[in-house]
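Please consult the sequence and the structure shown below.

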Amino acid sequence: LPGTGPTGVFIPQGFGYQSEVDVILYFHGNKRGEFSHINQYWGPGFPYKCTLREDLNASGKSAILVAPTMGSAPGAALNGNPDLGVFGQPGGAECFLDHVMQWLGNYDPHYSLKNPKVVPKVGKVILAGHSGGGSPIHIQMESLKAKICEIWCFDVVYYTLSDWMQFAVYNPTKQVFFYHAIQSLGALKELKKLKGLTEMGLYRSLGNVQFIDAGNHHYPALTNNFGKRLKATTCLSGR
């Protein structure tokens, strides 16, 4: 599938290899020449120390972390952006996760040797992303909403602001977290204003939308908060 390879699939220590698998689907931001694929991004040599795998291990949560490698600038645009690959179209993430489950069931020995006829199914999904990773979240959240339990946005680009609020309004059980630092501050201000206007209207208070001040540094907005968010989430069970 375009805009997915290589894909990193991290299975934490003590994972139970259930027939239904909860997934954290993570989208990186624009590469800016700092990395070429996901192994570099979450590896020990990356200067910003994106310890996503270590954070998942430490959290004790029973979920797998799935991180595709998109093109150079997934955050450059929503429409017609080739760097988004399959995630540039609604439903692309669902197709992608089906491929991941097929791979697990057929090639991961814990599944293929124990029960070769069972391909795990996708359970609950957390959509997470940093910076330009806000673009694929924006496009995929509506088509994946039946499975989504939370959305984690770490200093992301926003684009069409009303889409975020409409998703929150019509999906009150889905939690949306915006960790903001330096990215798209004008759009962030408008997004907060839109939330306030929505709460003053016919809808209930949007308690499922939270804005969290993540300081004034772009990568630390992710690295300082990803593990904390993992430990705090209630939609994933423990191992």
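**Nonpolar cores**

The model is predicted. Its largest nonpolar core comprises 45 residues. Val23, Leu25, Ile64, Leu127, Ile151 and Trp164 are the members with the most contacts inside that core. Another core, of 30 residues, lies apart from it and includes Tyr41, Trp42, Ala181 and Cys235.

The surroundings of Leu127 can be described in detail. With residues up to four places away in sequence left out of the count, Leu127 touches Leu25, Phe27, Ile137, Gln140, Met141, Leu144, Ile148, Glu150, Ile151 and Trp152. Leu25 and Ile151, which are among these neighbours, also belong to the group with the most contacts inside the largest core.

**Helix H6**

Trp164, listed above for its contacts in the largest core, is one of the buried residues of helix H6, which spans residues 161-170. The buried residues of H6 are Leu161, Trp164, Met165, Phe167, Ala168 and Val169.

Asp55 is located in helix H2, which covers residues 52-59. What is the nearest side chain of opposite charge to Asp55, and how far away is it? That side chain is Lys231, at 7.4 Å. Asp55 is buried and has no salt bridge; a salt bridge would require a nitrogen-to-oxygen distance within 4 Å. Beyond residues up to four places away in sequence, Asp55 touches Phe226, Gly227 and Leu230.

**Cysteines**

The count of disulfides is 1. Cys149 and Cys235 form this bond, with their sulfur atoms 2.4 Å apart. Because Cys149 lies in strand S5 and Cys235 in the segment after helix H9 (226-232), the pair ties together parts that are 86 residues apart in sequence. Both Cys149 and Cys235 are buried.

| Cysteine | Closest cysteine sulfur | Sulfur distance |
|---|---|---|
| Cys50 | Cys153 | 16 Å |
| Cys153 | Cys149 | 14 Å |

Cys50 counts as buried because its relative accessibility is 1%, and Cys153 counts as buried at 1% relative accessibility.

Methods
Residues numbered from 1 in each chain as written. Predicted model: local features only at pLDDT ≥ 70, side-chain atom pairs only at ≥ 80, totals over all residues. Heavy atoms only, no water. Buried < 20%, exposed > 50% of the residue type's maximum accessible area, 1.4 Å probe, protein only. Helix = DSSP H or I, 4+ residues; strand = E, 2+ residues; numbered from the N terminus. Core = buried A, V, L, I, M, F, W, Y, C linked by side-chain atoms within 4.5 Å. Contact = heavy atoms within 4.5 Å. Lys, Arg positive; Asp, Glu negative; His and termini not counted. Disulfide = S-S within 2.5 Å.
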